[in-house]
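Trainee: I have just opened this one and would like to go through it slowly. Can we start with how the protein chains meet and then turn to the DNA?

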Protein chains: 2
Amino acid sequence: MNEPRAAIRVLIVDDHPLLREGIAAVLAGQADMDLVGEAVDGQDAVEQFRRHQPDVTLMDLQMPRLGGTAAITQIRSEYPSARIVVLTTYKGDAQAMRALKAGASGYLLKSMLRRELVETIRDVHAGRRRMPPEIAAGIAEHAADDALSAREVEVLRCVALGNANREVAAQLGIAEETVKAHMKSVLAKLSAKDRTHAVTIALRRGFIEM
Amino acid sequence: MNEPRAAIRVLIVDDHPLLREGIAAVLAGQADMDLVGEAVDGQDAVEQFRRHQPDVTLMDLQMPRLGGTAAITQIRSEYPSARIVVLTTYKGDAQAMRALKAGASGYLLKSMLRRELVETIRDVHAGRRRMPPEIAAGIAEHAADDALSAREVEVLRCVALGNANREVAAQLGIAEETVKAHMKSVLAKLSAKDRTHAVTIALRRGFIEM
DNA sequence: CGCCGGCTCCCCCGATCGGGGGATCGCGGC
DNA sequence: GCCGCGATCCCCCGATCGGGGGAGCCGGCG
């Protein structure tokens with residue numbers, strides 16, 4: 001029984017120590033995988049990536065300091081061939097879409113099994129993309145809709161905090177009529193019945209967070 | 001070096017295999033703790049509890065089928081001395097409050113460290129209660145406010161889905177004026193500026209879920 | 001260059017919201 | 001038995017929302 005020639009070097013990025021422990025335990029049982037580092041947030045992830053240059057990075061999305069999507073963007077700008085797998089609880093198609101646009105090669109849900117974890121790592125390391133059907137379906141469902149613009153998201157965030165159109169206008173330094181125009185667009189794009197509905201849809205789909 | 005007389009028998013309840021793996025790894029490193037079972041949802045938890053009668057149960061709150069709070073209620077009704085620790089990501093004071101009222105002896109955040117996990121298990125097993133300062137502070141902050149009534153929560157859930165007062169009334173089989181009265185009460189209790197604000201506050205504090 | 005989409009601003013107007021008031025009923029605790 | 005509270009219903013009314021219309025400016029893309 002020979003030692004494997006070159007094990008897949010893996011970096012974990014997640015702010016939950018217990019989850020990192022779990023992944024470490026799974027990787028320890030795989031002869032062809034080595035855990036080379038653990039990062040607790042996006043900033044840490046970028047630094048650890050520079051230091052270890054792992055073959056595959058498992059990245060959570062919501063973390064303190066630098067978020068996961070920003071970390072992916074940063075890493076991929078320095079190392080365009082970096083293979084990064086998102087590992088998170090699904091928070092909507094918009095969230096997933098942003099991560100994929102930032103350069104993620106795969107997606108894993110925290111509810112997935114050990115087997116799927118190691119298979120995904122091997123697939124992504126081999127250059128394949130890997131996407132759970134739920135995620136693919138979620139994205140496909142809204143592939144036709146055009147996404148909210150940055151300004152629309154900004155307006156909606158203010159509305160979610162209980163601001164009237166006039167207050168949003170004051171905060172963003174624009175006219176109330178402009179805010180109303182943005183809200184019209186948001187309601188149409190999200191197929192929402194009113195502003196409250198728009199906020200809950202946007203939360204579900206990951207356009208805004210709480 | 002003697003084998004410990006009686007190890008603490010622990011049951012894990014969580015629908016994330018990787019997290020269970022992590023906890024299992026931590027417990028394996030503790031001489032005075034034995035993992036006696038793993039459950040993937042509330043229903044499973046009740047059955048496993050009956051079978052193993054563990055000393056301490058680590059319980060996630062949001063799971064498919066039977067939820068964590070309901071599982072705690074069920075278990076404590078059959079075994080009033082059961083020691084159950086909630087292990088979850090913090091989802092608001094109302095959520096935590098419900099779990100404690102159901103009979104949880106402690107609270108753990110998934111972002112906590114190995115050390116805190118084992119310390120909490122030992123403390124709770126010894127009959128002490130254990131509560132992270134963040135949670136205690138979150139609950140204390142709203143200790144004075146009175147909670148939303150069941151009906152108010154029901155109304156708010158409908159409102160969150162984009163229903164106008166009249167539509168909510170039709171769905172609940174009551175008059176529109178009654179819905180308005182409930183909403184007035186909700187806005188006052190949550191100190192919300194409008195219905196949208198009420199919904200986001202209620203989501204943050206765990207009165208409603210998405 | 002022309003077009004499209006995003007951002008900005010404006011008007012009209014009916015529908016809805018939210019704050020104020022008040023009222024009845026039933027249930028559980030003191 | 002009385003009180004409090006939740007649930008139910010009712011009225012008034014000003015403020016806000018949301019749908020309809022239109023219009024100008026700018027930056028990117030074919």
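**Chain contacts and DNA**

Mentor: Between chain A and chain B the count is four salt bridges, and please keep in mind from the start that this is a predicted model.

Trainee: Which residue of chain B forms a salt bridge with Glu167(A)?

Mentor: That partner is Lys193(B), and the closest N and O atoms of the two residues are 3.8 Å apart.

Trainee: And how many residue pairs are in polar contact across the interface of chain A and chain B?

Mentor: The rule finds nine such residue pairs across that interface, with both residues at pLDDT 80 or more. On the side of chain A that touches chain B, helix 1 (17-28), helix 5 (114-125), helix 7 (150-160) and helix 10 (195-205) of chain A each supply at least two residues, and the largest share, eight residues, comes from helix 1 of chain A.

Trainee: What classes of residue does that side of chain A have?

Mentor: The side of chain A that touches chain B has 16 nonpolar, nine polar and nine charged residues.

Trainee: OK, and how much area do chain A and chain B bury between them?

Mentor: They bury about 2900 Å² between them, with 63% of it on carbon and sulfur atoms. In chain A, the residues that lose the most area to chain B are Leu18(A), Thr196(A) and Met210(A), which together make up 22% of what that side buries. The contact itself takes 34 residues from chain A and 34 residues from chain B.

Trainee: Switching to the DNA now, which residues come nearest to DNA strand C?

Mentor: There are 17 residues around DNA strand C, and those that come nearest are Ser149(A), Ala175(A), Thr178(A), Lys180(B) and Lys184(B).

Trainee: Which helix gives the largest share of the surface near DNA strand C?

Mentor: Helix 9 of chain A does, with five residues. By class, the surface near DNA strand C has five nonpolar, four polar and eight charged residues.

Key. Residues are numbered from 1 along each chain as its sequence is written. Chains are lettered from A and ligands numbered from 1 in the order in which they are written. This is a predicted model: local features need pLDDT of at least 70, side-chain atom pairs count only at pLDDT 80 or more; totals for chains, interfaces and linings use all residues. Side-chain values use heavy atoms; hydrogens and water are left out. Contact means heavy atoms within 4.5 Å. Buried area is the accessible area (1.4 Å probe) that two parts lose on being put together, summed over both. A salt bridge is a side-chain nitrogen of Lys or Arg within 4 Å of a carboxyl oxygen of Asp or Glu. A polar contact is a pair of N or O atoms within 3.5 Å; within protein, one must be able to donate a hydrogen and the other to accept it, and residues adjacent in sequence count only if both atoms are side-chain atoms. Helices (H or I, at least four residues) and strands (E, at least two) are DSSP runs, numbered from the N terminus. Ala, Val, Leu, Ile, Met, Phe, Trp, Tyr, Cys and Pro count as nonpolar, Asp, Glu, Lys and Arg as charged, and the others, Gly among them, as polar. A residue is near a molecule or strand if one of its heavy atoms lies within 4 Å of it.
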